[in-house]
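Please keep the sequence and the model in view while reading the points below.

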Amino acid sequence: MAVLSLFAVFLALFVSPLPCHDVPGYQKPVMVQQTGKVLPKPQTMTASTEAYALAMPSFKFTYGSSSEMCDIVDQAFQRYYDLIFDIDGLRKAPVASKDMSELNTLQVMVKEPCTGVYPSLESSENYTLTVAAPMGTLVADSAWGVLRGLETFSQLVYRTDNGMMLINKTTIDDFPRFAHRGILLDTSRHFIPLKYIKQNLDAMAYNKFNVFHWHIVDDQSFPYQSVVFPDLSAKGAFNPYTHLYTQDDIKDVIEYSRLRGIRVVPEFDTPGHTASWGAGLPGFLTPCYDGTTPNGKYYAANPIRNTTYDMMTKLLKEVKDVFPDKYVHLGGDEVNFNCWKSNPDITKFMETMGFGTDYSKLEQYYIKNILDISTSIGRNYIVWQEVLDNGVQVAKDTVVEVWKSNPAVPTEMARVTAKGLRAILSSCWYLNYISYGTDWGKYYTCEPQDFTGTQEQKDLVIGGEACMWGEYVDGTNLIARLWPRASAVAERLWSAKDVTSMADAAVRIDEQRCRMVRRGLNAEPLHPGFCQFEYD
Ligand SMILES: *[C@@H]1O[C@H](CO)[C@@H](O)[C@H](O)[C@H]1NC(C)=O
Ligand SMILES: *[C@@H]1O[C@H](CO)[C@@H](O)[C@H](O)[C@H]1NC(C)=O
Ligand SMILES: *[C@@H]1O[C@H](CO)[C@@H](O)[C@H](O)[C@H]1NC(C)=O
């Protein structure tokens, strides 16, 4: 009751004339309306204002008679039932409706076998959803399409003030514009507990993201517990007992992701960004010199020792066995050459190889070896743009991640795709950068195909990623910092190219933020005002 009366006070505040309209910086408060808007906006949607009541408590999800069945869909039925009917706190038990048609079933048809499958870059996520009383239908090729369709269905449901659960008569034919829609989390600058990684996977599913790019290790710490090199985390994690992802944790994350149609692409970034590897993998890093004597410092993988490649082979073989995705991210960004330049053995090697003083040739040599190792063990790779910028020969099925703003993004996107390589864009989606006020608009207006090139080049753009680098982010603020700002990226990557109205998107993002709060996520507010679920 205390909660309800607090609610009444807030209502009274907003109903009574506010005294401060002329105050500079005053922003009108907004009460977020729940009307069953869908984010990301579906490709085609015919909605009507004819509303049905969800039958309570008899509403159910069922399989159609000729549908494939599997745990992915079984568990999604349970999850979405709970999300839709989740009743506690302020949320009153739904009341039965009089004089209204009822929707009592959503019948689901999966065409392809789905037992034991993992999502991939080639997966179909298409679905067709028809909401009409008394039974709606959801048809998809794959379980992944069913997951996207169930998310849409759950978003169409809204609640009246007197507690009725309603859904409007609707038909939707939907599919993603881009196949690769990722979120990067950095678990090296700060450790992110499993609980928040899973919350983020939930949020990704609510926004139809499908790739968890796990930047799992970096200079600052090595929380991945390797079987072949256990010392890497024993000596490289912030705390080898608590700040660690064990093999069981990794399996848990991969399965949790699979059930939500999310690929897990791990990144083992080398030769730079490897300071934390040094203690656990003696001989891997390059000794730096002052004149002719080692100065006790180490930097970057040592590209001239064969053992470096032996170690990488062992590690990448393990990574291949642990992570089922066909792709691994091999990094390759931001290598500083100073330490390599200081090392007399490297100078000698440069002469032998005929590299002169061009250290980018040495970098190419290193990266080429790593890419070849990856290919030989059966993994395709994603690399940061520098690998291409430095002229390394890459395999045809390489995916290049464009992250810099200099050279300009359109120049780089054109350059990558002109080589016939696929590109993903993240330059404009570094959500770790924050500022005062609302910034989702600038993420919303970033268009990945906005460069000069042929249609074939445009088609090589397979998507993008929102990045949350971890210097100032851990479990305490990850969710609030990412959501709902990443929802703007979600819509850009899923919806049709011509879905660009900010005014239209604003109401969808508002409702989506409020929906995420209702589902228990600390998604941050976008403006003064309130969401009726934020009191829990
Ligand atoms: C659903 O119908 C109601 C009226 O019955 C309307 O106010 C609401 O905007 C509709 N929602 C959507 C998403 O079209
Ligand atoms: C998904 O639907 C779109 C639009 O109809 C179509 O172009 C695409 O080929 C479909 N994808 C799959 C995997 O069926
Ligand atoms: C390193 O490997 C190369 C190529 O296999 C070989 O020619 C060279 O002798 C090896 N160096 C050492 C020190 O084993």
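Predicted model: local features only at pLDDT ≥ 70, side-chain atom pairs only at ≥ 80, totals over all residues.

**Domains**

- The domain assignment, which is automatic or taken from a database, gives domain 1 (44-174) and domain 2 (268-381).
- The centres of domain 1 and domain 2, taken over C-alpha atoms, are separated by 49 Å.

**Cavities**

- A cavity is a set of points, on a 1 Å grid over the protein atoms alone, where a 1.4 Å probe fits but cannot get out, and its lining residues have an atom within 4 Å of a point.
- Grid points are joined across faces, edges and corners, and a volume is the space filled by probe spheres set on the points.
- The largest cavity has a volume of about 180 Å³; of the 16 residues that line it, the closest to its centre are Gln 34, Val 157, Tyr 158, Arg 159 and Arg 518.
- Two or more lining residues of the largest cavity come from each of helix H2 (71-85), helix H3 (143-156), strand S8 (158-159) and helix H17 (502-518), and H17 gives the most, with 3 residues.
- Helices (H or I, at least four residues) and strands (E, at least two) are DSSP runs, numbered from the N terminus.
- The lining of the largest cavity divides into 6 nonpolar, 5 polar and 5 charged residues, where Ala, Val, Leu, Ile, Met, Phe, Trp, Tyr, Cys and Pro count as nonpolar, Asp, Glu, Lys and Arg as charged, and the others, Gly among them, as polar.
- The second largest cavity has a volume of about 80 Å³, and its lining includes Tyr 118, Pro 119, Arg 258 and Asp 325.

**Ligands**

- Around ligand 1 are Thr 35, Gly 36, Thr 49, Tyr 158 and Asn 168, each with a heavy atom within 4 Å of the ligand.
- Polar contacts are pairs of N or O atoms within 3.5 Å; a backbone N or O atom of Thr 35 lies 3.0 Å from a nitrogen atom of ligand 1.
- An oxygen atom of ligand 1 is 2.8 Å from a polar backbone atom of Thr 49, and an oxygen atom of ligand 1 is 2.4 Å from an N or O atom in the side chain of Asn 168.
- Taken alone, ligand 1 exposes 360 Å², of which the protein buries 60%; accessible areas come from the Shrake-Rupley method with a 1.4 Å probe.
- Ligand 2 is surrounded by Ser 124, Asn 126, Asp 141 and Phe 175, and one of its oxygen atoms is 2.3 Å from an N or O atom in the side chain of Asn 126.
- Ligand 2, taken alone, exposes 360 Å², and the protein buries 38% of that.

**Backbone features**

- Most residues other than glycine have a negative phi, and most peptide bonds are trans.
- A cis peptide bond joins Ala 133 and Pro 134, with omega about 5°, and Pro 134 sits in the loop between strand S6 (127-131) and strand S7 (135-140).
- Asn 406 and Pro 407 are also joined by a cis peptide bond, with omega about 5°.
- Ala 300, in strand S14 (residues 293-301), has a positive phi near 65°.

Key
Residues numbered from 1 in each chain as written. Chains lettered and ligands numbered in written order. Heavy atoms only, no water. Polar contact = N/O pair within 3.5 Å; in protein donor to acceptor, adjacent residues only side chain to side chain. 1 Å grid on protein atoms, 1.4 Å probe; cavity = no way out; pocket = protein on both sides within 12 Å on 5 of 7 lines; lining within 4 Å.
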